[in-house]
Amino acid sequence: MSEQPVVYTLPVLPLKSAVLFPYLMMPLSAGRPASIAAVEAALATESKEILVFTQRDPDVDSPAKDDLYSIGTKAVIRKMNRSGEGHLELMVLGMERVTLLKVDSSEPFLKGRAIPLPLPDDKGPEIEALQGALAELAGEALTLAQPNTPQELRGLLASNDDPLRLAFVLAAMFSLDADKSQSLLEAPTRAEALRMMHRYLMHEVQVLELRNKITNEARTEMSKEQKDYLLRQQMRAIQQELGEKGGEQAEAQQLRERLEKAGLPEDILKEAKRELDRLEKLPPGAPDYNVIRTYLDYVLELPWTKSTEDSLDIARARQVLDEDHFGLKDVKERILEHLGVLKLNPNAKAPILCFVGPPGVGKTSLGQSIARALNRKFERMSLGGLHDEAELRGHRRTYIGALPGRVIQAMRRAGANNPVLMLDEVDKLGHDFRGDPAHALLEILDPEQNKTFRDNYLDLPFDLSKVLFVTTANALDTIPRPLLDRMEILRLAGYSEEEKLEIAKRYLIPKQLKETGLTAEQCVLPDDTVRKIISGYTREAGLRRLERAIGSVTRKVALKFAEGATGPFNVGLEDLLEMMGPEPFNQEEARRDLPPGVATGLAWTESGGDVLYIEGTLLPDGKGMTLTGQLGEVMQESAKAAQSYIWSHAGDFDIDPALFKTSGVHVHVPAGAIPKDGPSAGVTMATALTSLYSKLPARSDVAMTGEITLTGLVLPIGGIKEKVLAARRAGIHTIILPKANQKDLRDLPEEVRKETEFIFASRVEDVLRTAIPQLAERMDASKTRPIIQAA
Amino acid sequence: MSTRSKSWPTFLAERPAPWQPPADIYQTKDGWLVKFDLAGVQIGDVMVTIRGRRLVISGVRRDSFLEEGASHYSMEISYNRFERSLEMPANLENARVTIVACEGLLLVRTITEGKQNV
């Protein structure tokens, strides 16, 4: 200002923690009596002017001159209003920068004398450059602080004519603190002010950037899930707009409809509905969604009340069973009995049958046949090697990928609650640390418990009592007793040669011919040939090898036809030799002449019966008894019992008792590699040892079986049919059996009974008489002699 | 106590520095009439300058109704310096200008001799 220096004498309004800049409007509130007095004094003038200075220390209540910064602003009060608490609300407009010269505190307010402190009017490229940079930075800061800044504000920033004003506006906008604002106000030049503001703003921008970065990070983390959710919501909205039901809604709706129609029992329906309600509340992305869906699918598909109607026509059932299987009278009778019961009492509990027999006798196919006869669904599951209880009873739904157990799965496949459910190989259940599946079977197979079988997965009671359980096993000794106790054992012993011939003629040959594409006329297998195959080429209780052998013969015949041969082909014995090579099994398995110390026994094996020889020999310098051939404990004991009996009755058999003392005995049972056990070789042991001590050979055409006691009684044993058939296979036609086993002969085919001589023994002596004819003579002779007590 | 409110856009409510009186512009038969809402302003405190199309009115409004013992209870009228710059539709450099204060309004009339420059 080139004119006369002006001095203002005006009331002073001290500001606690703010700076009023020239050119800027600022709302203020005056509450201190001195401030109110100052404002009122200012208002009482024509021009409404006031001096505004900032306090150095905001905590001072009635500041003096030294408490105020010496540079402040002259301002005009534009508007004033009184608030309720006696405060004055002001709108003041900064006019120009002034410096305080003197303060007069004689009045109730401060009265100051101040002179204008204009900035040098510096212009030039530096200022312009600084202004541009500041405006740009301000734009950046604004974007960071408030992304949607009104456009006018930006325009104002860009179009500021006075650079100083830009700096002041920015200071007010970004709420610089009082100290910094004051320094800005005191800046000696425009350039200095702009630089200062640039510095402040730069800091501000950095802070804002950092803050935005933090918020953005937090936001992106959250938004991944939110994005999915949003997209789903949008999809739903679109579907609704299109009049379609949302995927998961439609699914839930569909499930609900199915539930209504399924006709589930009351309690099951309640539980299923509860799960469905849960499903509807879940977003489809939730991990539980699919779990519940699969669960409901299972519940819906299970045949809770659905059952197939039994065919109660007994004549038809008998016919079906006979068509499918030859023989097996007992089993068929049992099935027909059950059918009869069902006819009278439709709610009868189904029996739990267990078919025991060697491989290939038709246990599994019998199950199918039963289902066919009863007109029920058939489901089969193999328990062989199953070692986890959860396989049967399922996993709880909390596990990932949980499924119901095999029983429930089989029920679902069957689609009816009364199928024939075959549990194959129940004797081959494994068990380990995870539990014993046999124990789970206890529940499943107990008619008292399986009415409410609870699968871990379903966790709902399912009625298994209508299921006709059929289990199969090759042997019973590995089946736990409680399990065995629940089942009705039906033995399927091996087939005799005649039975096999019949089965071959009725089933196997037609089947194999069909498979090779031959007609019954083109390939004829006479009985003799089949018999030869049975006895010479296969040696088994079942029929699998026989079937394979017949298949092999028919294929060879088919080949001949394919090579151009014509006319029916009759497979004779010579042809058989040519086709199959020499017989792998020798019919004359039975030994011809037995030396003293060898006897023929009969054994039961899982694959049917077998003939075994017990060999004994004396050891002149040895002592005691040596037993070899992998004999089990029971068998060893029965050998010792036999020896003791003979020793104690040496006189009766005309044996030198000294022999027992002076020489040891070695008993061996071939084949040495196969473990053997059981008491039924007792009589054979006794015969072998008697023959050994008496040096009289036993008959080679006599086989025997039976348990002995120390007092010489012969006790009954099992597996008669297999043993007899094995003896016959070996060409032995005289068989010594315990007397108590006489009743078991009923099981034998008619021809076998006719062709075999059975000798029933109740005491060891009966056995020995038959087995060692020469001894019988001696025994008869010794009876006439007086008994001499050996010393 | 004097504290500052935090709402910074308030200073945008009006253009800072001198306040601006509202104005109406009329086209007349022979020129222009600009009407300013400037009550309580002494005609001697007003200055009108014309440069080309630009018409600038500036001056001071003084509060002349001050009575002894009276004090403001509230204040809404702006006092002190005012300034208003108007871009007119025509060059007024050679126009005759008259200023009249009438019923609280300040009337600036310009009369262009001869043709009108529109």
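**A conversation about chains A and B**

Q: Which residues of H9(A) are buried?
A: In this predicted model, the buried residues of H9(A) include Tyr295(A), Leu296(A) and Val299(A).

Q: Where do those buried residues fall, seen down the helix axis?
A: They lie within an arc of 100° when H9(A) is seen down its axis, so they line one face of the helix.

Q: And how many residues does H9 of chain A have, and what should they span?
A: Helix H9 of chain A has 15 residues, covering residues 287–301.

Q: Turning to chain A as a whole, how many helices and strands does it have?
A: Chain A has 27 helices together with 24 strands.

Q: What share of its residues is buried?
A: Of the 791 residues in chain A, 38% are buried.

Q: What about contacts between residues at least 24 apart in chain A?
A: Taking the contacts in chain A between residues at least 6 apart in sequence, 75% join residues at least 24 apart.

Q: How is the packing of two helices described?
A: One gives the angle between their axes and the distance between the axes.

Q: Then at what angle do H17 and H18 of chain A pack?
A: Helix H17 (residues 497–516) and helix H18 (residues 527–537) of chain A pack at about 120°, and their axes are 10 Å apart. H17(A) and H18(A) are therefore oblique to each other.

Q: Is that crossing left-handed or right-handed?
A: The crossing of H17(A) and H18(A) is right-handed. On the H17(A) side the contact is made by Glu497(A), Lys500(A), Leu501(A) and Ala504(A). On the H18(A) side, it is made by Asp527(A), Val530(A), Arg531(A), Ile534(A) and Ser535(A).

Q: How far apart are the axes of H18(A) and H20 of chain A?
A: The axes of H18(A) and helix H20 (residues 573–580) of chain A are 9 Å apart, at an angle of about 40°. That makes H18(A) oblique to H20(A).

Q: Which residues make that contact?
A: H18(A) contributes Asp528(A), Thr529(A), Lys532(A), Ile533(A) and Tyr537(A), while H20(A) contributes Leu573(A), Leu576(A) and Met580(A). H18(A) passes H20(A) in a right-handed crossing.

Q: Now chain B: how many helices and strands?
A: Chain B has zero helices and eight strands. Along the sequence, the pattern reads β-β-β-β-β-β-β-β.

Q: What percentage of chain B counts as buried?
A: In chain B, 21% of the 118 residues count as buried. Among its contacts between residues at least 6 apart in sequence, 59% join residues at least 24 apart.

Key
Residues numbered from 1 in each chain as written. Chains lettered and ligands numbered in written order. Predicted model: local features only at pLDDT ≥ 70, side-chain atom pairs only at ≥ 80, totals over all residues. Helix = DSSP H or I, 4+ residues; strand = E, 2+ residues; numbered from the N terminus. Buried ≥ 20, exposed ≤ 12 C-beta atoms within 10 Å, placed from the backbone. Contact = placed C-beta atoms within 7 Å. Expected span 1.5 Å × (residues − 1). Arc of directions from axis to C-beta. Axes fitted to C-alpha atoms, helices over the stretch in contact; angles between N-to-C directions. Parallel < 35°, antiparallel > 145°, perpendicular 65-115°, else oblique. Left-handed = near helix turned anticlockwise from the far one by under 90°.
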